[in-house]
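Trainee: Could you take me through this structure feature by feature, giving the general idea before each case?

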Amino acid sequence: MSVYVHETKGTDSTGFGTEEKPFASAAYALFTQPESKILVFKVQEDSEGYVEISASALKKAKKGAEGLKKKQEKAAKLQEQKESSTTKKLEDLEIIEIKEDLSLPKAEKIKLRNLGDFIDSRVSVQGWIHRLRIQKGLAFITLRDGTGYIQCVLTGDLAKVSTTKELTLESTVVIKGVIKKLPEGKSAPGGVELKADYYEVVGLAPSGDDAFTNKVQESADPSLLLDQRHLTLRGETLSNVMKVRASLLNAFRKFFNEEGLTEVTPPCMVQNQVEGGSTLFKMGYYGEEAYLTQSSQLYLETCLPALGDVFCVQESFRAEKSHTRRHLSEYTHVEAELAFITFEDLLGQLERLITKSVNYVLEDPIAGPLVKQLNPDFKPPKMPFLRMEYIHALDWLNEHGIPNEDGEKFKFGDDIAEAAERKMTDTINQPILLTRFPAEIKSFYMQRCKDDPRVTESVDVLMPNVGEITGGSMRIYDYKELMDALEREGLDKESYYWFTDQRKYGTCPHGGYGLGTERILAWLCDRFTVRDCSLYPRFTGRCKP
Ligand code: 4AD
């Protein structure tokens, strides 16, 4: 094959190297068709036409062709670089919007507690961002909806979209995707993760100074944390305690139902004291003096003839001067009252209440594992509880060198104050039914023991780590005796007419008890203070938020 070159009429850019459309340079001809014979147009003295290229011209053309080759290679490289930088730019380009792929199966809206029923299904979960980790091309969101947690994995555009980069802890999102069992060796709550295919932000929580982590720092002063209680409640420990609390209240109700007690709701605003004037919260009531109730006991007693055995779960209020880790100004008081019983019957029900209710909590699929998490060493109490009379407790304390409040040996009539009581309970390290307290250190309504009128048919249940969680007694059921007791206490007998009438219109031996929900929780969940067991604790100097 020949390739034609015509220096004046040919062209490199649009020529074909043919006789009709020759190239302009031999270099170009050689560059494009290296195997062909190069014919160059020559004008000689007597003729003109194409002749084979001379050796010297070919040498020159070869050099030119090499130059052209290098030029082409350079251009190609440049082009390649240009192309790769455009794709990179495209990749870096912010993905501004994500769209749900409507061809995917419909996502069922679920609560996280039901995760296990939806493995390999496409679901929609909604909640708060509990934990967040964003890395190149991937985002991990641990979502919390109050019923559980799930790790959601965002990949591809979902991870790259600018909204994902701006996500903050505690923002609310709706995430759709498929729940997948985790492969061996990987761990996440529930052993599953959600492979997200779409999500939406419902409410973006603040970043910067106002960010959740700046508001709620674990190491912060307890008082500052209490100011932010509405936020600290979202933490795992507090919310777990609140879940155990809910389960415990359910367990009490279940127990009372099994034992045939009827639930009632006595008033909180009252005009009679139950447990002494020093802890009364007074309030104005349309021009009259009223109080926040210290105990619903007196009202429960009035219900016996109408409803039989009764119980209530009601707030009680104590203006406690003591600023201790087991005193609140408002607490949830679980109280029961039983008709026609003996003191022994009362102790029996108390033991059953505590052991059975605790077992119900431990059997609860939600609360049981939480108790294990909060209190790994917890051992459920067994019946019968150790029974100890007050007078023998004094001996025990004296033998163990634990002094009374004046730093002296305990003597009959001394109150066993919190510190001594706790030392004894912690040392014995099992539930104790402490009975038969002297009348003068107990409430006016308590029935005296027949065999020793100095002491009463009274009981405190003591638990290791907390001390007293329950107080109960048999009640004076003789009308005259009760009126005398009110008189001795300096109380206005007339104003108790509705209570004393219970003895007048068909009296009966009866008794009951009151249990501090936060105290039993402190024991069950191993919390240092009852404040950690109340939703919004109230104590001296704290009535907010
Ligand atoms: O021993 P208390 O004062 O007994 C009564 O109020 C009786 N009227 C109850 C009854 O027989 N129906 O209180 C009973 C329980 C205590 O054992 C304790 O667990 C809890 O209520 N309690 C408190 N809890 C937290 N903060 C306080 N300030 C409490 N005062 C009592």
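Mentor: Let us start with a polar contact, that is, a pair of N or O atoms within 3.5 Å, where within protein one must be able to donate a hydrogen and the other to accept it, and residues adjacent in sequence count only if both atoms are side-chain atoms. Here the side chain of Glu170 makes such a contact with the side chain of Arg144, at 2.8 Å. Bear in mind that this is a predicted model, in which local features need pLDDT of at least 70 and side-chain atom pairs count only at pLDDT 80 or more, while totals for chains, interfaces and linings use all residues. Residues are numbered from 1 along each chain as its sequence is written, and side-chain values use heavy atoms, with hydrogens and water left out.

Trainee: Is Glu170 buried or exposed?

Mentor: Buried means under 20% relative accessible area, exposed over 50%, and partly exposed in between, with a 1.4 Å probe and protein chains only. Glu170 counts as buried because its relative accessibility is 8%. The residue lies in the loop between helix H4 (162-165) and strand S8 (172-181), where helices (H or I, at least four residues) and strands (E, at least two) are DSSP runs, numbered from the N terminus. Contact in general means heavy atoms within 4.5 Å, and, leaving aside neighbours within four places in sequence, Glu170 is in contact with Trp128, Ile129, Arg144, Ala205, Phe212 and Arg234.

Trainee: How should I read a helix pair, and at what angle do H9 and H15 cross?

Mentor: Axes are lines fitted to C-alpha atoms, for helices over the stretch in contact, and angles run from 0 to 180 degrees between N-to-C directions. The axes of helix H9 (residues 297-307) and helix H15 (residues 497-504) come within 9 Å and cross at roughly 40°. The contact is made by Leu298, Tyr299, Glu301, Thr302, Leu304 and Pro305 of H9 and by Trp498, Phe499, Gln502 and Arg503 of H15. On the H15 side, Trp498, Phe499, Thr500, Gln502 and Arg503 are buried, and their cover includes H9, helix H14 (479-488) and strand S20 (510-516). Just after H15, Gly506 takes a positive phi of about 85°.

Trainee: What do the buried residues of H13 pack against?

Mentor: The buried residues of helix H13 (residues 418-428) are Glu418, Ala420, Glu421, Arg422, Met424, Thr425 and Ile428. They pack against strand S16 (386-389), helix H12 (390-399), strand S17 (432-435), strand S18 (458-463) and strand S19 (467-474). Just after H13, Asn429 takes a positive phi of about 55°.

Trainee: Where is Pro403 placed?

Mentor: Pro403 sits in the loop between H12 and H13 and is partly exposed, with a relative accessible area of 38%. Leaving aside neighbours within four places in sequence, Pro403 is in contact with Glu408, Phe410 and Ala420.
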